[in-house]
Amino acid sequence: MVQSSLLTAAAVAIISSTSHHRVECFAPPSISIQSAASTTKNSSLYAKKKAKSSGSGGFGGGFGSPTQTKKKSSRGKSGRSDLISALNDDDSKKKESKSFSRTYVKSEQEDMLNDLAAKSSTTIIGKAVAKSPHYNTPEMDPFWQLLPSLISTKFPTASDKDLERVAGMVEFSIGAGKVEDNVVENPWRPHTELHAYMPGLGEAEPFLDPDQLDLCKQLSENYDVISSEYEALLEERFDRKGNDRFQSVTSMNYEAGWKTMVLFYNGHRIKDFPYHLCPVTTKIMESVPIAGRIAGFNRQQPQSGIPLHSDGNNMWLTCQMGIKVPPTITNEAGEDVPSAHIRVGPETRHWEEGHCLLYDTTYEHETFNAHPTEERVVLHVDFFNTLKMTPLEIKVLQYIYDMREQFMKAEGVAKVGAQVL
């Protein structure tokens, strides 16, 4: 049964909370992703809330119910769930499963879970989960019910004060939280499209000063090297199977030739990607807590653009640095104007080579490259909002996403990446 399998996964996760496991998750066709213990991992978190069919920028689902059909968990002939195989889920699933150093019988797992649940129910995360209208009912997603135990075990020294905003995120995810008035009242931020929300982050703005972040400084200072690395990657744009590394990784019908050479997907490195060709780019990107969705080189073909949308997650920011920016064009008034632009909320900006734009994608946004013959290329990085969130909050969120991904893989959910935020 789904619930019993998830409970088993939780027990194993808690028991081995200090261990490291290699987890492979879904990527778009021809992309294979491998994560290591040191790699940031993010997966969508689903509660009992209907997923939105619009918004999210096409970067995956939100915190609603999964729209994909679950396939049956991989089980042996004896009917025992091969949990380790599920958590280590290879591309071919041909590798032999490995066992943990200690085997816990079902009664020990249940006793451990019950003991942890009792202790963690009084924490701020435990109280947040208890606000779910489905709490302690068959309708409650077992992951959320087990989350207080998971967090208490992984972060035993974190205080309720430290986790106050994380608890607010949990409440929103399970349908018990509300969006703050300053968001609801902002006409440029479609609050009904929010699927991941942390309260208490304060006022937001469409574009932020890139000088606030060392990431932007490092990218600009290394523009020439990064551009050269991009050219080297172009020479190796086809993988060993002949697949183009540039892909449309979104579910939204952009129609516009907007494709990405993905360096990181769902926070993971890409298996067999030629990182040796872009060491500086990779090192700089990994200096920030890369979030879900994508990180890589985006190409926008001539006379095309991304339609208006919002991405619905207020815990992330987006940085883009111009790699190749098409020259100006002449408008109807005979004036030379920039050919490529992005509008975020009420503000419109233009890319410049070697310069970064930093923006909040919970605002509605759209792009267009009006040049008739030349494409626009930017380096794109989605990352946790280090300007507003504490390092502990980011670590806890990374852990939550990681565990959710492992739970989904343990249940045999196909295409985890398709549900990435």
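This tour moves through selected residues of the structure, stop by stop.

The model is predicted, so local features are described at pLDDT of at least 70 and side-chain atom pairs at pLDDT 80 or more, while totals for chains, interfaces and linings use all residues. Residues are numbered from 1 along each chain as its sequence is written, and side-chain values use heavy atoms, with hydrogens and water left out.

**Stop 1: Asn-136**

Select Asn-136, which sits in the loop between helix H4 (124–129) and helix H5 (142–154). Helices (H or I, at least four residues) and strands (E, at least two) are DSSP runs, numbered from the N terminus. Most residues other than glycine have a negative phi. Asn-136, which is not a glycine, has a positive phi of about 60 degrees. Its relative accessibility is 56%, so Asn-136 counts as exposed. Buried means under 20% relative accessible area, exposed means over 50%, and partly exposed lies in between (1.4 Å probe, protein chains only).

**Stop 2**

Side chains of opposite charge can pair when their charged atoms come close. A salt bridge is a side-chain nitrogen of Lys or Arg within 4 Å of a carboxyl oxygen of Asp or Glu. By this rule the count is 13 salt bridges. Select Lys-131 together with Glu-171: their side chains form a salt bridge with an N to O distance of 2.9 Å. This pair links distant parts of the chain, 40 residues apart, with Lys-131 in the loop between H4 and H5 and Glu-171 in helix H6 (residues 164–173). Lys-131 is partly exposed at 49% relative accessibility, whereas Glu-171 is buried at 17%.

**Stop 2**

**Stop 3: Arg-240 and Asp-272**

Next, select Asp-272 in the loop between strand E5 (268–270) and helix H10 (279–285). Phi of Asp-272 is near 70 degrees, a positive value in a residue other than glycine. Asp-272 forms a salt bridge with Arg-240, the closest N and O atoms being 3.0 Å apart. The two residues are 32 apart in the chain, and Arg-240 occupies the loop between helix H9 (223–235) and strand E3 (246–247). Arg-240 is exposed, at 71% relative accessible area, while Asp-272 is partly exposed, at 45%.
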